[in-house]
Amino acid sequence: MSGTEHLTVRRVGATLVLTLNRPEARNALSLPMLVGLYDGWLAADEDDAIRSIVLTGAGGAFCAGMDLKALAGGGMTGERYRDRLRDDPDLHWKAMLRHHRPRKPVIAAVEGHCVAGGTEILQGTDIRVAGESAVFGLFEVRRGLFPIGGSTVRLARQIPRTHALEMLLTGRPYPAREAERIGLIGHVVPDGTALEKALEIAEQINACGPLAVEAVKASVYETAELSETEGLKAELERGWPVFATADAKEGSLAFTQKRPPVFRRA
């Protein structure tokens, strides 16, 4: 895939890197960006050679959320993509990972502002890395708006409820170290190195059995709201078939032979 004017795509080994590319607006969401994002998620799912996805932003920012000028009536760029929205009115929610979950692991590499819709997209990712100067927050209530990208549902399931409610109800900014402390992100690294760290994590994932990786990710999300008994039953249903794959046999053989495994998604 080639991306759009506000979303660039490149391959780094077995990792698909999607870059929000509207730096003059701190990568505020636009129609071309949303279309490019959704196409990127689909491309990764459909290509077995891709084993992980990294989402990042250009120009020292991740995403400043929705284009408020457009929301106030200034017009949204990318009119030529309007037919995509007409054909799929849910496209923007899928792009923001509200109504779509890629089967490949998604790693966020955050520099600078990751606020409002940026923090909402973040909650749809699996692993999160941020530069020291990154800033997070759900600013909607300060503007009389509602964080409708999923935060009132997801955030309290990902971090302690007291922190989730404080973030949602105060609309204040959270520096990277505080975001790490409350569990919103997993790694804080020197500024300018978030993408490097994310790609390092991606390489570790890429070296694992892809069928196992996808099954593990699916099991974690499928069982999240189940009782322990129901979850353990669902885990067996998802996990047992992995043991019958050629990749599982290859992994065991490579371990005994003390060599790197060669996985073939079989």
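Q: How do you know that the length of helix H11 (residues 228-243) agrees with its residue count?
A: The expected span of a helix is 1.5 Å times one less than its number of residues. With 16 residues, H11 should span 22 Å, and its end C-alpha atoms are 22 Å apart, so the two values agree. Helices here are DSSP runs of H or I with at least four residues, strands are E runs of at least two, and both are numbered from the N terminus.

Q: Before we go on, what kind of model is this, and which atoms count?
A: This is a predicted model, in which local features need pLDDT of at least 70 and side-chain atom pairs count only at pLDDT 80 or more, while totals for chains, interfaces and linings use all residues. Residues are numbered from 1 along each chain as its sequence is written, and side-chain values use heavy atoms, with hydrogens and water left out.

Q: What makes Glu237 the place of a bend in H11?
A: The bend at a residue is the angle between axes fitted to the seven residues ending there and the seven starting there. At Glu237 that angle is about 25°, and a proline, Pro241, follows within four residues.

Q: Which residues of H11 are called buried, and what do the buried residues pack against?
A: Buried means under 20% relative accessible area, exposed over 50%, and partly exposed in between, with a 1.4 Å probe and protein chains only. In H11, Gly231, Ala234 and Val242 are buried. The buried residues of H11 pack against helix H10 (210-222) and helix H12 (246-257), where contact means heavy atoms within 4.5 Å.

Q: Why are E1 and E9 called edge strands?
A: Two strands pair if DSSP finds at least two bridges between them. Six strands form an open sheet with mixed pairing, in the order E1-E2-E3-E4-E6-E9. Strand E1 (7-12) and strand E9 (187-189) each have a single partner strand, so one side of each is left without a neighbour in the sheet. From one strand to the next, the twist averages 20°.

Q: Why is E2 said to be largely enclosed?
A: Six of the six residues of E2 are buried, so the rest of the structure largely encloses it. Both faces are covered: Thr15, Val17 and Thr19 lie on one side, and Leu16, Leu18 and Leu20 on the other.

Q: How is helix H1 (residues 31-46) placed relative to the strands?
A: H1 lies across E1, E2 (15-20), E3 (52-57) and E4 (106-110), running at about 175° to E2. Axes are lines fitted to C-alpha atoms, for helices over the stretch in contact, and angles run from 0 to 180 degrees between N-to-C directions.

Q: What makes a set of residues a nonpolar core, and which have the most contacts in the largest one?
A: A nonpolar core is a set of buried Ala, Val, Leu, Ile, Met, Phe, Trp, Tyr and Cys residues joined through side-chain atoms within 4.5 Å. The largest has 46 residues, and Leu37, Val110, Phe136 and Leu184 have the most contacts inside it. H1 gives the largest share, eight residues. Leu37 touches residues including Leu7, Leu18, Leu20 and Leu55. A second, separate core of 13 residues includes Val54, Ala194, Leu199 and Ile201.

Q: What makes the phi of Asn27 stand out, and is Asn27 buried or exposed?
A: Most residues other than glycine have a negative phi. Asn27, in the loop between E2 and H1, has a positive phi near 60°. Its relative accessibility is 0%, so Asn27 counts as buried.

Q: Where is Leu97 found, and how do you know that Leu97 is buried?
A: Leu97 is found in the loop between H4 and E4. Its relative accessible area is 1%, so Leu97 is buried. Leu97 also has a positive phi, of about 65°, although it is not a glycine.

Note on methods. Lists of a residue's contacts leave out its neighbours within four places in sequence.
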